There are 2 protein chains.
Amino acid sequence: MAVNSPLPIAAHLTPVAGIELGHAEAGVRKPNRKDVLVMTLAPTATVAGVFTLNRFCAAPVQVCKAHLEGLHMAGAPIRALVINTGNANAGTGETGLADANAVCSALAGLLDCEAAQILPFSTGVILEPLPVARVNAGLPQALANLSADNWYNAAETIMTTDTQPKAGSATVVINGETITLTGISKGAGMIKPNMATMLGFLATDAGVSQHVLEHMVKQAADHSFNCITIDGDTSTNDSFMLIATGAAKLQVTEIDSPEYALLAEAVTNLSRSLAQMIVRDGEGATKFMTITVEQGTSIEECRKIAYSIGHSPLVKTAFFASDPNLGRILAAIGYAGVDDLDVSKLDLYLDDVLVARNGGRNPAYQEADGQRVMQQSEITVRVRLGRGDAVATIWTCDLSHDYVTINADYRS
Amino acid sequence: MAVNSPLPIAAHLTPVAGIELGHAEAGVRKPNRKDVLVMTLAPTATVAGVFTLNRFCAAPVQVCKAHLEGLHMAGAPIRALVINTGNANAGTGETGLADANAVCSALAGLLDCEAAQILPFSTGVILEPLPVARVNAGLPQALANLSADNWYNAAETIMTTDTQPKAGSATVVINGETITLTGISKGAGMIKPNMATMLGFLATDAGVSQHVLEHMVKQAADHSFNCITIDGDTSTNDSFMLIATGAAKLQVTEIDSPEYALLAEAVTNLSRSLAQMIVRDGEGATKFMTITVEQGTSIEECRKIAYSIGHSPLVKTAFFASDPNLGRILAAIGYAGVDDLDVSKLDLYLDDVLVARNGGRNPAYQEADGQRVMQQSEITVRVRLGRGDAVATIWTCDLSHDYVTINADYRS
């Protein structure tokens, strides 16, 4: 059950001209559930992505990177994406690479293109061989129901421990033309993206040239998927892909243009919404916390402190209990690794309540005020460092019994 | 309930000549429990300690450091230590410092010495004012039952969420003389010491000169309290104190001496035992894990990877579930921050079972073998990096429902 369930998914997800989606029940890990998704792209489409920095990055991530690199070399456009759940194809060595390539080859055969024009994605259990035959057997089934109006099914297909699908649509008017954006994401545990989240796919019908799209996807990720954490575990499979089909008249070819600014803002806002849905549906989550650290000397130190608070099991269990045991936040600030931090200049707010002032308990602070805020399902923790102008914000959730239950039972 | 309860506490804790201990029920936070401890030292005793690196270090830690510094200046020996539970006196600003000094002054008045000859320690809730009057009212009660044979009561007095007291005694023969060591420790949550643990006190009747003792306490901490983690939360109050009373004939005055080596080894071994007791009694712990990372290029990178595994909520819940979901360990290795790690050279063992070889699943690995080891209450995770000769070992525990329960209910 996500925080403030149901998640704010639009009643109707808008098709993006140039994209079709099909799904299959391939039985990758369990029967009778959608677990393979194919997205086909118009030949005019450009694609850019950001990927996990985990050194054990999964085989499909390695293949994706190689195929995107090949795109630069050969100019043959990406024709389709294929995503399976139930198995991450990570920690699988050379066999895993061969398996990911085999899936690309099978889909390329069906679509009459090169394997290098397919991008593969996997999510699920690590360290187990990908059941390639089952994935490939699902591909014709997925192609048989290809449709531009299939985004909701796509969002359902990529779920693992997610309790709800995550998707959104938006429009932005640029040069008098209405541009459409639709995206999906998944993820609920092993979430501390480092350049991207578990899986996110966002498409627009605008045309965007390749190098501009690469800039845009990084910008969007840095202000969305790279600002969330559930348990501090960076996945082996994190991938966030931005697709611009070019079906609209709009063509964005310059980063320093008003068109870029408008489209990038729309992409970033939808990415943020998709990223926050992941946190709201975090494994066992009952609270959604915004952590803002202000007045730092650098964004990096603000993020360090924000993540130190957001990862602390003691802070997270206190939020789960609605217990204003706020000294735990001070402790997490103190061990964040900002060695020259002068705590005597530090203020701590819980929503509008000033809890600590100049590094000590605010004399006017009443436990009842902290208690009132802690009862809410959405809470902002604000730290003012009193040493600069930098700011950083992250989003996270609490640590509950259900997190332990879900992760103790994950494979059973 | 600690792992493999009861903890291996000696039936009889050996008194250390030159140390007496007294305890009081002062009602610091809750009535009818021992919560104030006084340790008095012979005038010949030397004292050295290591303290938390948390920037929000508690008021008593700051006062301890100042008094140990003053010891160097004025030469007046430390005469007593005073420890309270129920309140950490951290995040309390200037008031907290005044409160810690007030306790020192009160005890100094009773012992007829200077306040600067007292070392204060506190542990408990952060961000709440220390109830000085109650602590001070307990001091005469504690002095009234001072006894050299009071170590077990002392270990009980300093408990917070600990389910069992932690203590040990050892002897070592040096130059034909039997030297005694006895120590106590406490801590079960907010445990990821950075120079020391929550609280540890170890005394020997050997004489050790001040600068030699300072070297010895760092060496012992680096191989014991600095190698454990429960939840990755570094406390504001971590302190580990080593006391050498000088009651024995042995006088250690040189670091490069056989006497130093023998005594330091005995101190380190007892420190390690006290530190491991903290992990075995970790909040909600059901498993005790030894994580060894070998063949690294530096001890630092081995520790980074070991802590990344030891802090991962996903790894810890898998151990709680006895589920050999070992890909989670690979993921934690991958995001440890060793950027040039070549995972194709990496092997992973669970006890004697080779799970992953050359970065991928060992073809001979059977899930049943992993399952067998995971059922044990004590498990070794061994990672071989294949890139150097450095080794590091840490000790940690699993993440269970009871961890969440204990920390959600801590103040209630």
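Mentor: Start with the contact, which takes 55 residues from chain B and 56 residues from chain A. Keep in mind that this is a predicted model.

Trainee: What makes a residue part of that contact?
Mentor: The cut-off is C-beta atoms within 7 Å, placed from the backbone. On the side of chain B that touches chain A, the elements giving two or more residues are H2, H8, H9, E16 and H11 of chain B. H9(B) gives the most, seven residues.

Trainee: Why is the relation between chain A and chain B called a two-fold axis?
Mentor: A rotation of 180 degrees, with 0.0 Å of shift along its axis, superposes chain B on chain A. The RMSD is 0.0 Å. That is the relation of a two-fold axis. In chain B, the C-alpha nearest the axis belongs to B:His401, at 2.8 Å.

Trainee: What makes E3 and E6 of chain B the edges of their sheet?
Mentor: The open sheet has five strands, in the order E3-E11-E8-E7-E6 (chain B), with mixed pairing. E3 and E6 of chain B each have a single partner strand, so one side of each is left without a neighbour in the sheet.

Trainee: How do you know that E3(B) and E11(B) pair?
Mentor: Pairing needs at least two bridges. E3(B) and E11(B) have six, in the antiparallel sense. One bridge partner in E11(B) is B:Ile243, which faces B:Val47. Helix H5 of chain B packs on the sheet, touching E3 and E11 of chain B. The direction of H5(B) makes about 35 degrees with that of E3(B).

Trainee: Why is A:Gln295 called partly exposed?
Mentor: Buried needs 20 or more other C-beta atoms within 10 Å, and exposed needs 12 or fewer. A:Gln295 has 17, so partly exposed is the label. A:Gln295 sits in strand E12 of chain A. Its phi is positive, about 60 degrees, although A:Gln295 is not a glycine.

Trainee: What makes B:Asn358 partly exposed?
Mentor: The count is 14 other C-beta atoms within 10 Å. B:Asn358 lies in the loop between E15 and E16 of chain B, and its phi is positive, near 50 degrees.

Note on methods. Residues are numbered from 1 along each chain as its sequence is written. Chains are lettered from A and ligands numbered from 1 in the order in which they are written. This is a predicted model: local features need pLDDT of at least 70, side-chain atom pairs count only at pLDDT 80 or more; totals for chains, interfaces and linings use all residues. Copies are superposed by least squares on the C-alpha atoms of residues with pLDDT of at least 70 in both. Two residues are in contact if their C-beta atoms, placed from the backbone, lie within 7 Å. Helices (H or I, at least four residues) and strands (E, at least two) are DSSP runs, numbered from the N terminus. Axes are lines fitted to C-alpha atoms, for helices over the stretch in contact, and angles run from 0 to 180 degrees between N-to-C directions.
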